[in-house]
Structure formats: C-alpha cells, structure tokens
Amino acid sequence: MRLYILQRGTAALMVPLIAIHLALIVYATGNGLTASEILARTRGSIAWGLFYQVFVIAAAVHGAIGLRSVARDWLRIGPRPQTGLMWGFGLLLLAFGTRAVIAVVFPGSLS
Amino acid sequence: MSNTAKHLSVSVWRGFADGHYQTFEVPRQDNQTVLDVVTWIQRNTEPSLAYRFACRVGVCGSCAMTVNGRPRWTCRTHISKVVDQDGKLELAPLANLPPIKDLVADMRPFFDKWEKAEGKFHPSKTRVDPMATISPETTKRQAADKAIECINCGVCYAACDSVRWNPAYLGPAALNRAWTLANDERDAGGPQRLKAVSANGGCHSCHSHQSCEQHCPIGLNPTESIAGLKRLTVDAYIRGELS
C-alpha cells in the first residue's frame with residue numbers, strides 16, 4: 001500500500017515538473033540556445049538545482065517502484081529479489097540524476 | 001470453404017494440461033451456438049468429451065470457454081460471430097485456470113480469490129431489525145447497481161493479463177464484487193474488505209488494461225470498480241486506517 005501511495009504521489013508530483021521541463025526544452029530549442037548559454041543560466045541557480053533534484057528524486061522513486069511491478073509480473077521473481085531490484089535501480093537513477101543536477105548547477109565541479 | 005459452409009471444422013482441446021487438439025466435423029445449421037456445436041460432438045461423435053453447462057441462456061455463467069483464443073459464453077455465441085472464412089473453430093477451456101479435462105476448467109482458484117477479496121456480505125443488522133430502506137438514487141447505490149449483475153462466469157478472469165502474470169492477483173470479478181459490497185449501505189465488512197483488497201495481489205496489482213471490460217459478456221466494467229477500490233484504499237490510508 002505504501003509503495004502504491006509513493007508511486008502515485010510521485011506521479012502526481014511529476015506532472016507539473018514534466019510540463020515545466022518540456023516548456024523549457026521548447027523555449028531553449030526555439031530560441032536556439034547553445035549548451036553553454038543554457039549552462040550560463042543554470043550555473044549557481046539554487047532554484048533550478050532544487051527543481052531538478054526534486055524531479056530526480058520523484059523519478060527515481062516512481063521508476064523503481066514501477067520496475068518492481070514489471071519484474072514481479074514478467075520475471076516471476078520473489079519478493080526479496082523484487083525489493084533488491086527496486087532499491088538498486090532507484091539508487092542508480094538517484095545517483096545518475098543527482099550527478100546531472102550537480103553538473104548543470106555547478107559546471108566543472110565534477111571534472 | 002466459405003462462412004456459410006455446410007460443415008464446421010472444430011478443433012477441441014482434449015485431455016489435461018498436456019493434452020492436444022482433436023478435430024471434429026460438425027454439420028452447420030442456420031441457428032447454432034458454440035454450445036450447440038460442443039453438444040453435437042458429445043452426442044454424436046465423442047461421448048467422453050467433458051464440458052460444463054447448465055442454463056443455456058446466459059444466466060448461469062457455467063459454459064464459458066476459450067473460443068478462437070477469446071473467452072466467451074458458448075451458449076450466447078452464435079457460430080456466425082466467431083467462425084472464420086475456412087469454417088474453422090478452436091475450443092479450449094478457460095485460460096488462467098487449471099484444466100480439469102477437455103473443456104472444463106477448475107474454477108476453485110477463481111472462487112477462492114472471490115472469498116479472499118471479502119466477496120461475502122457482512123450483515124450489519126439481525127433478522128429482528130426492520131428491513132433496510134435503500135434509496136436507488138444515492139451515488140453509492142448507483143455505483144453498486146452498475147457492477148452488481150456479475151454472474152461469476154470467469155470470462156474476465158480468463159481474459160486478464162494481470163491474472164496471467166501475477167498468480168496472487170485476485171482478479172476482476174472478485175474485486176468487482178468487493179466494490180459492490182463496499183457501496184452497500186447494509187454491509188458492515190468495510191474495514192476488513194479494504195484490508196483484503198489492498199494486500200499483496202489486491203486492487204493495486206491491476207494495470208487497467210481493461211481486458212475485463214472488453215470481454216465481459218454483459219458489458220460490466222470491473223476496471224472501473226477496481227479504480228473505485230483504489231480510491232477507497234487511498235482515502236483509508238490517508239485517514240490512517242490502512243498501513
């Protein structure tokens with residue numbers, strides 16, 4: 001039940017986040033912004049950092065729980081492997097996503 | 001052979017889970033249901049053929065089988081609706097249930113899950129209390145009425161992808177029944193029913209593919225009922241009544 005609530009809650013949270021993210025893509029490509037111009041706008045921005053970090057957390061939680069259901073239905077694996085897969089995939093998404101957020105908000109800090 | 005051929009070529013599942021298809025030639029008639037075809041085979045060609053039926057008019061729900069890969073009531077399925085250009089017909093027992101013999105599936109898992117979903121009525125009054133007055137106008141009663149005509153034929157259960165993938169899943173019919181009782185003002189089993197349908201294999205295992213609605217012979221929509229149960233369980237969780 002808790003996993004269901006978490007998955008549906010993060011889905012609801014991501015609806016506006018995805019809309020803003022898509023609007024941003026349309027704006028950036030429509031105005032022909034280069035990667036360096038985009039990074040110049042996001043560098044040091046706590047607001048964009050928070051926005052995308054929340055997005056990353058929500059996506060990691062949502063995707064990991066969803067993958068657990070897919071694994072249960074299609075791979076017919078038991079509860080423990082399901083949970084292991086969920087945590088592994090979720091942490092992986094969280095790590096990659098957080099790394100991307102740091103790279104966008106603090107360019108150069110990871111190199 | 002055209003769709004109006006004089007004979008049908010009917011492949012019928014014989015034996016148990018490891019059985020095989022046996023083909024029978026059956027005379028075609030103008031007005032003929034799939035159940036008529038099966039009955040003709042048993043009476044004229046293969047007396048040992050096992051199949052299940054009772055009312056023959058779409059009331060009892062016992063004659064459901066897999067007809068050309070799709071679960072159907074055989075008594076209410078006219079041959080012209082299902083036979084292909086070659087006059088071929090393929091019959092098997094309902095899917096997602098253990099086969100017993102030939103066209104008979106074991107319905108016990110279906111009804112066990114029906115009970116597991118708290119599909120039984122929990123009375124809130126005794127026989128000495130006055131009869132409850134139920135207004136047909138209330139939202140809850142209308143929700144119950146919309147789903148209540150299920151006769152437990154198992155067609156939705158056989159059509160459900162989630163049942164096929166997840167053996168613990170209670171299935172559309174059991175959850176549809178739970179939804180009707182959740183909306184029954186006279187029922188006192190609400191809390192334990194919500195617990196039952198939110199446990200592993202409960203309503204949250206439904207992926208809303210809507211095969212149940214697509215295949216239900218009387219046009220019920222168990223997916224809608226299951227969505228209602230999901231809402232009730234979320235409300236109960238927020239109120240702290242479910243963990």
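Good morning. I begin with α4 of chain A, a helix of 27 residues that reaches 38 Å from its first C-alpha to its last, close to the 39 Å expected at 1.5 Å a residue. Please keep in mind throughout that this is a predicted model.

Which residues of this helix are buried? In α4(A) they are A:Q82, A:M86, A:G90, A:G97, A:V101 and A:V105. Their cover includes three other helices of chain A, namely α1 (2-30), α2 (35-42) and α3 (46-75).

The helix also contributes to the surface. A nonpolar patch is formed there by A:I57, A:W87, A:L91 and A:L94, which together have about 400 Å² of accessible area. Helix α4, residues 79-105, supplies the largest share of that patch, three residues; A:L91, for instance, is found in this helix.

Let me now turn to chain A as a whole. It has four helices and zero strands, so that from the N terminus on the order of elements reads α-α-α-α. The C-alpha trace spans about 50 × 30 × 20 Å along its principal axes. The radius of gyration of chain A is 17 Å, whereas a compact globule of 111 residues would have one near 13 Å. Of those 111 residues, 29% count as buried. Chain A exposes about 6,900 Å², and carbon and sulfur atoms supply 74% of this area. As for contacts between residues at least 6 apart in sequence, 75% join residues at least 24 apart.

My second topic is charge pairing. Side chains of opposite charge can pair when their charged atoms come close.

In the next, B:D102 and B:K101 meet at 2.9 Å, N to O. Here B:D102 counts as buried because its relative accessibility is 1%, but B:K101, at 28%, counts as partly exposed. Salt bridges that share partners join B:R14, B:E46, B:K101 and B:D102 into one network.

Finally, B:R193 and B:D187 form a salt bridge of 2.9 Å, N to O, and both of these residues are buried. Thank you for your attention.

Key
Residues numbered from 1 in each chain as written. Chains lettered and ligands numbered in written order. Predicted model: local features only at pLDDT ≥ 70, side-chain atom pairs only at ≥ 80, totals over all residues. Heavy atoms only, no water. Patch = residues over 30% accessible without salt bridge, like charges linked within 9 Å, V, L, I, M, F, W, Y side chains within 5 Å. Areas by Shrake-Rupley, 256 points an atom, 1.4 Å probe, with all protein chains shown as cover. Salt bridge = Lys/Arg side-chain N within 4 Å of Asp/Glu carboxyl O. Helix = DSSP H or I, 4+ residues; strand = E, 2+ residues; numbered from the N terminus. Rg over C-alpha atoms; globule rule 2.2 N^0.38 Å. Buried < 20%, exposed > 50% of the residue type's maximum accessible area, 1.4 Å probe, protein only. Contact = heavy atoms within 4.5 Å. Expected span 1.5 Å × (residues − 1).
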